Amino acid sequence: MKLLLQWTIIIPILAWALFFSGFIDNNTIVQIIASILLILSVMSAVHHSEIIAHRVGEPYGTIILAIAITVIEVSIIVSLMVSGGQESVSLARDTVYSATMLILNGIVGLSLFIGGLKHHEQEFSKHSVTIALVSLISIVVFTLVVPTFTESVHGSYYSTPQLIFASIACLVIYFFFLFAQTSRHREYFLSGKDDTDNVTVISNWNLAISLLFLLVSLGIVVLLAKTLSPTIESIIISYQLPVTLVGVVIAIIILLPECIAAIIAARNNKLQTSLNLSLGSALASIGLTIPSVAVVCIMNDMKIIMGLDIKSIILLGLSVFTVMLSLSSGRTNIVYGVVLLVNLFAFIFLIIYP
């Protein structure tokens, strides 16, 4: 009973109740309350994911959270695309691009900055980062860069055969990344004895409750984010800001659980866990989202803009290159974090002032 009265269980239930109350649509005060419950539900998801991670051990805990967050991303993008029609043809690209930039520069940057601030220097496995970055670069180029330069269809589109090929390529690369992370090269992704500590402390009952309320928390995050997105878009437009900021805001909401979990891990001197979560999330964000969106688009005969413009390609290339150099030595410090955060601010600034 004490477990069931924790705030991490009560808050998602309250959020679901508010969502079904029907008061959100045209009431500013209720929308503010819904926004607060949305953030608290994200924190609840982080709490339950940490419990699951302690029980199942690494890297499985970070994989569970990364895939769960990707389910959120896919659900929001698909639902907004289906309801938005042709006006949302670039939503998937904008959200995936924003998520990738936020993960590489924001989550990794904050993790390196906060970890370096507290511990001066932190170590991690170079092999795990190399596997993740090699996989990520290939997926990023296939999904966000190549469509800009293809000739089968005019514009930043893939033809249907090209879209199918890119989707299969993403799934194959992500599958073998998971195979390396969980089986063939699992030792690369472990940070030491801490990865197996407290694995048996979590009871089956606690594990079951956390699994259930992780899904409950993530589910209401999806629904509230979708419900509040028109309000977010209207606010952005009222300040005469680019509509592409909607994709950034959606990506920020989606990535909050991963961001908080990664920063906590880095602060606790578990940078390997933080990087597993960050880079694994970037791979899942693109490697699973694009194939899912592609299936919906093909089934509904919808076009989807995939390719980035030249400026965005340059910023994406800068981010990937900076992360590669920052994580090339197996040791990090605060400088790497600062540079990545500057890249993040440049990304947002150039959206507002293109």
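**Figure 1. Residues 193-200, a stretch where pLDDT stays under 50.** This close-up of the predicted model shows residues 193-200, for which the model has 10 contacts beyond four places in sequence. Where pLDDT is low, the predicted coordinates should not be read in detail. For the protein chain, the average pLDDT is 84, and 93% of the residues score at least 70.

**Figure 2. Packing of helix α4 against helix α11.** Two packed helices are described by the angle between their axes and the distance between the axes. Helix α4 comprises residues 91-119 and helix α11 residues 310-326. Their axes lie 11 Å apart and form an angle of about 30°; an angle under 35 degrees counts as roughly parallel, and α4 and α11 are therefore roughly parallel to each other. The crossing in which α4 passes α11 is left-handed.

**Figure 3. Residues at the contact of α4 with α11.** From α4, the contact draws on Tyr 97, Thr 100, Met 101, Leu 104, Asn 105 and Leu 112. These residues meet Ser 312, Leu 315, Leu 316, Ser 319, Val 320, Val 323 and Ser 326 of α11. By class, the residues of this contact comprise eight nonpolar, five polar and no charged.

Figure 4. With a relative accessible area of 0%, Thr 100 is buried. When residues up to four places away in sequence are not counted, Thr 100 touches Val 140, Ile 286 and Leu 316. One of these, Leu 316, belongs to α11 and is among the residues that the α4 side meets there.

**Figure 5. Packing of helix α4 against helix α12.** Helix α12 spans residues 334-352. The axes of α4 and α12 are 7 Å apart, and the two helices pack at an angle of about 150°. An angle over 145 degrees counts as roughly antiparallel, so α4 is roughly antiparallel to α12. The crossing of α4 and α12 is left-handed. The residues of the contact of α4 with α12 divide into 16 nonpolar, seven polar and no charged.

**Figure 6. Val 246 in helix α8.** Helix α8, which holds Val 246, runs over residues 245-267. Val 246 is buried, its relative accessible area being 9%. Neighbours within four places in sequence aside, Val 246 is in contact with Glu 233 and Ile 236. Val 46 is 200 residues from Val 246 along the chain, and the C-alpha atoms of the two are separated by 23 Å.

Technical notes: Residues are numbered from 1 along each chain as its sequence is written. This is a predicted model: local features need pLDDT of at least 70, side-chain atom pairs count only at pLDDT 80 or more; totals for chains, interfaces and linings use all residues. Side-chain values use heavy atoms; hydrogens and water are left out. Axes are lines fitted to C-alpha atoms, for helices over the stretch in contact, and angles run from 0 to 180 degrees between N-to-C directions. Helices (H or I, at least four residues) and strands (E, at least two) are DSSP runs, numbered from the N terminus. Angles under 35 degrees count as roughly parallel, over 145 as roughly antiparallel, 65 to 115 as roughly perpendicular and the rest as oblique. A crossing is left-handed if the near helix is turned anticlockwise from the far one by less than a right angle, and right-handed if clockwise. Contact means heavy atoms within 4.5 Å. Ala, Val, Leu, Ile, Met, Phe, Trp, Tyr, Cys and Pro count as nonpolar, Asp, Glu, Lys and Arg as charged, and the others, Gly among them, as polar. pLDDT is the predictor's confidence in each residue, from 0 to 100. Buried means under 20% relative accessible area, exposed over 50%, partly exposed in between (1.4 Å probe, protein chains only).
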